[in-house]
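Thank you all for making the time this morning.

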Amino acid sequence: MSQAVVAKLKEAFPAAVGSVREHRGEWTVVVDRAQVVAVCRYLKEQAGYNFLCDLCGVDYLGRQPRFEVVYNLYNIATKERLRLKVQVPEADACVETVSGVWSTANWHERECWDLLGIRFANHPDLRRILMPDNWQGHPLRKDYPLQGPGREPYQGRLS
């Protein structure tokens, strides 16, 4: 069934759908970040993917584009999963919010921004969710200092 959904998605958004991959019965679709909201709305309203299980960011330091935002979708009625990926360049680390499609995206996007620094345009309340408000940087970036900003390097276990 997911294969049919992917085919319909490619038909509805030919310019937005990039690579498509199937692995062990699960499908991953790379989507153009400029059209991610329209694609997500289509998948929810037309294909029944009514549950955003997870949204997370990935840092591929040294690769261009550096970041990816991954959306794990689930159709409760058919018990099918679909994964969307949006590639995000470091110079413009911003994606449009999908919190208007799935309200749970609000919290996931805040976490992604807080820990990786990927902004979500038009988000209703984009602020830190895990780190203190005055925290410098984004600790899940691969180039972030392991001990945090301005900290002494780890000296090993104390006796």
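How many residues lie between β4 and β5 in the hairpin that they form? Before I answer, please keep in mind that this is a predicted model. The hairpin of β4 and β5 has four residues between the strands, and K79, which sits in that turn, has a positive phi of about 60 degrees. The two strands run antiparallel and are joined by nine bridges, with β5 covering residues 80-88, and one place to look along this pairing is Y74, which stands opposite R81 in β5.

Let me stay with β4 for a moment, which spans residues 67-75 and is mostly covered, since eight of its nine residues count as buried. β4 also pairs with β3, residues 51-59, again in the antiparallel sense and over eight bridges. Along that pairing you can find D54 opposite N72, and likewise G57 opposite V69.

Stepping back to the whole sheet, we have five strands in an open arrangement, ordered β1-β2-β5-β4-β3, and the pairing is mixed. β1 and β3 stand at the edges with a single partner strand each, so one side of each is left without a neighbour in the sheet. From one strand to the next, the twist averages 20 degrees.

Helix α2, residues 36-45, packs on this sheet, where it touches β2, β4 and β5, and its direction makes about 175 degrees with that of β5. Helix α3, residues 105-116, lies across β3 and β4 and runs at about 10 degrees to β3.

Is R21 buried or exposed? R21 has a relative accessible area of 56%, and because the cut-off for exposed is over 50%, R21 counts as exposed. Setting aside residues up to four places away in sequence, R21 touches E26, W27 and T28.

The other arginine, R128, is found in the segment after β7. Its relative accessibility is 9%, and because buried means under 20%, R128 counts as buried. The side chain of R128 makes a polar contact of 2.3 Å with the side chain of D114, and the R128 side chain also reaches the backbone oxygen of G137 at 2.8 Å. Beyond neighbours within four places in sequence, the residues in contact with R128 include R110, W113, W135 and H138.

How values were computed. Residues are numbered from 1 along each chain as its sequence is written. This is a predicted model: local features need pLDDT of at least 70, side-chain atom pairs count only at pLDDT 80 or more; totals for chains, interfaces and linings use all residues. Side-chain values use heavy atoms; hydrogens and water are left out. Buried means under 20% relative accessible area, exposed over 50%, partly exposed in between (1.4 Å probe, protein chains only). A polar contact is a pair of N or O atoms within 3.5 Å; within protein, one must be able to donate a hydrogen and the other to accept it, and residues adjacent in sequence count only if both atoms are side-chain atoms. Contact means heavy atoms within 4.5 Å. Two strands pair if DSSP finds at least two bridges between them. Axes are lines fitted to C-alpha atoms, for helices over the stretch in contact, and angles run from 0 to 180 degrees between N-to-C directions.
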